[in-house]
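The paragraphs below then lead through it step by step.

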Amino acid sequence: MSPSQAKAVAKYRDRLANKGMARFEVLGRKSDSKLIRNLARTLAEDGDNAAALRDFAEKIVEREEPKRGSILAAFRQVPWVGAELDLTRSSDDFRTFDF
C-alpha cells in the first residue's frame, strides 16, 4: 500500500472511531452474507430498530461464561445429595463370557 493510501485508510478509521464505530471481519455462510450486512447496517444506524434488534439478538446468543467450580456446584444440586447411598461395586463378582 502506498503512503497516501495508508494515510487515507488511517484517517477513515479515525473518523469511524470518533463516531464510536469499528470495522471488523466475521466468518459465516455465503448465503447469510446479505443478512449479516443488513443486520450490521441496522445496528450501525442506532435507531429504534437497532435497539430492538440488539435486545433480540442478545437474548438469543447470550452465553454464560463457565465459572470455576461450576461442575461441583451442579453436582451439589442433584436431588440425592446427602442421601447416604452405597455406590461401591463388589470386585469379587466376575462375569463369564462365552467366546
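In this predicted model, a loop runs between α1 (3-18) and α2 (33-45), and F24 has its place in that loop. Is F24 buried or exposed? Its relative accessible area is 68%, and because the label exposed applies to values over 50%, F24 is counted as exposed. F24 is also part of a nonpolar patch on the surface, which it forms with V26, L35, I36 and L39, and together these residues have about 490 Å² of accessible area.

Just after α1 comes G20, which takes a positive phi of about 80°.

The next feature to consider is the largest pocket, which holds about 870 Å³ of space. A probe the size of a water molecule, rolled over the atoms, shows where empty space is left. Of the 21 residues that line the largest pocket, F24, I36, L39, A40 and R41 lie nearest its centre. At least two residues of the lining come from each of α1, α2 and α3 (48-61), while the largest share, 7 residues, is supplied by α2.

Finally, P79 is found in the segment after α4 (70-76), and with a relative accessibility of 76% P79 counts as exposed. Between P79 and R29 there are 50 residues in sequence and 43 Å in space, taken from C-alpha to C-alpha.

Conventions: Residues numbered from 1 in each chain as written. Predicted model: local features only at pLDDT ≥ 70, side-chain atom pairs only at ≥ 80, totals over all residues. Heavy atoms only, no water. Patch = residues over 30% accessible without salt bridge, like charges linked within 9 Å, V, L, I, M, F, W, Y side chains within 5 Å. Areas by Shrake-Rupley, 256 points an atom, 1.4 Å probe, with all protein chains shown as cover. Salt bridge = Lys/Arg side-chain N within 4 Å of Asp/Glu carboxyl O. Helix = DSSP H or I, 4+ residues; strand = E, 2+ residues; numbered from the N terminus. Buried < 20%, exposed > 50% of the residue type's maximum accessible area, 1.4 Å probe, protein only. 1 Å grid on protein atoms, 1.4 Å probe; cavity = no way out; pocket = protein on both sides within 12 Å on 5 of 7 lines; lining within 4 Å. Points joined across faces, edges and corners; volume = space filled by probe spheres on them.
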